[in-house]
Amino acid sequence: PEFFHDEKAISIEGFIPTNEIKENSTEYFYMASVCRQYIIDKKIREFVETNNLSNVVFLGAGLETAYSRIGNKTVNFYQVDLPDVIEVRRSLLGEAENESLISGDMFSLDWVRKMDISLPTMIVVSGVYQYFKEEKILSMIGDMKDRITNGELVFDATNSAGLKLANKYVKKTGNRDAQMYFSIDNPLEFAYKTNTELISVDGFFKDALKICKKLKLITRVYMYFADKLNRTIIIHLKL
């Protein structure tokens, strides 16, 4: 909790079926989930501090609780996901005064028409792109670049070796239908493919290794090498 505390997520704990995950997970995979959000939260905070009047868009939002963690009441937040997901999200998390829930397919980009894209816009795709093929993602980023002239994109990725480990983990937790396909071995090359500017590439665990003193030794070893070998990264692009 001294590293990452999320009251909103804790408030819906009773609705999440976690037994099989708890039985088959490890401290490292819990930390990977938390550290991903920790780094993305930092990027959102930096963005809204620089661009007070702006948009922050979560694609494939699910039950993402970053809105509550960020706590900004002047920025326009948008949560985009499929209709049945948005229905569940609205029932569990509600809809705040500066937050809009948008039902639809994120790849169609219909959500772009529902916001003022003349404002600086940060698009966040967390834990989503891995489940799609690279061609679809490249096409989507190209379309976003064409439509959003003052946009930035933040998303997480693994390299090809990390993708194999992630697929093993997901199957172990019982979700055999959630096959992952997308990985990035060279972020600079990916930025070139998308005709975007690579702002930064961050590992997940640097801050956590400094702050979290009670982690198991094996967890710390995994975290250290995940960063060193670029197994888990956050990529920040200027569209």
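Strand E1, residues 55-59, and strand E4, residues 121-125, pair in the parallel sense over four bridges, where strands are DSSP runs of E with at least two residues, numbered from the N terminus, and two strands pair if DSSP finds at least two bridges between them. One of the residues to look for is Val56, whose bridge partner in E4 is Met122. Please keep in mind that this is a predicted model, in which local features need pLDDT of at least 70 and side-chain atom pairs count only at pLDDT 80 or more, while totals for chains, interfaces and linings use all residues. Residues are numbered from 1 along each chain as its sequence is written, and side-chain values use heavy atoms, with hydrogens and water left out.

Seven strands form an open sheet with mixed pairing, in the order E3-E2-E1-E4-E5-E7-E6. Strand E3 (99-103) and strand E6 (197-203) stand at the edges and have a single partner strand each, so one side of each is left without a neighbour in the sheet.

Now to the aromatic rings. Rings of Phe, Tyr and Trp (its six-membered ring) pair if their centres lie within 6.5 Å, and planes under 30 degrees apart count as stacked, over 60 as edge-to-face and the rest as tilted. By this rule there are 13 aromatic pairs. For Tyr129 and Phe182 the ring centres are 6.3 Å apart and the planes stand at 80 degrees, so this pair is edge-to-face. Tyr129 lies in the loop between E4 and helix H6 (134-147), and Phe182 in the loop between helix H7 (160-172) and H8, so the pair ties together parts 53 residues apart in sequence; helices here are DSSP runs of H or I with at least four residues.
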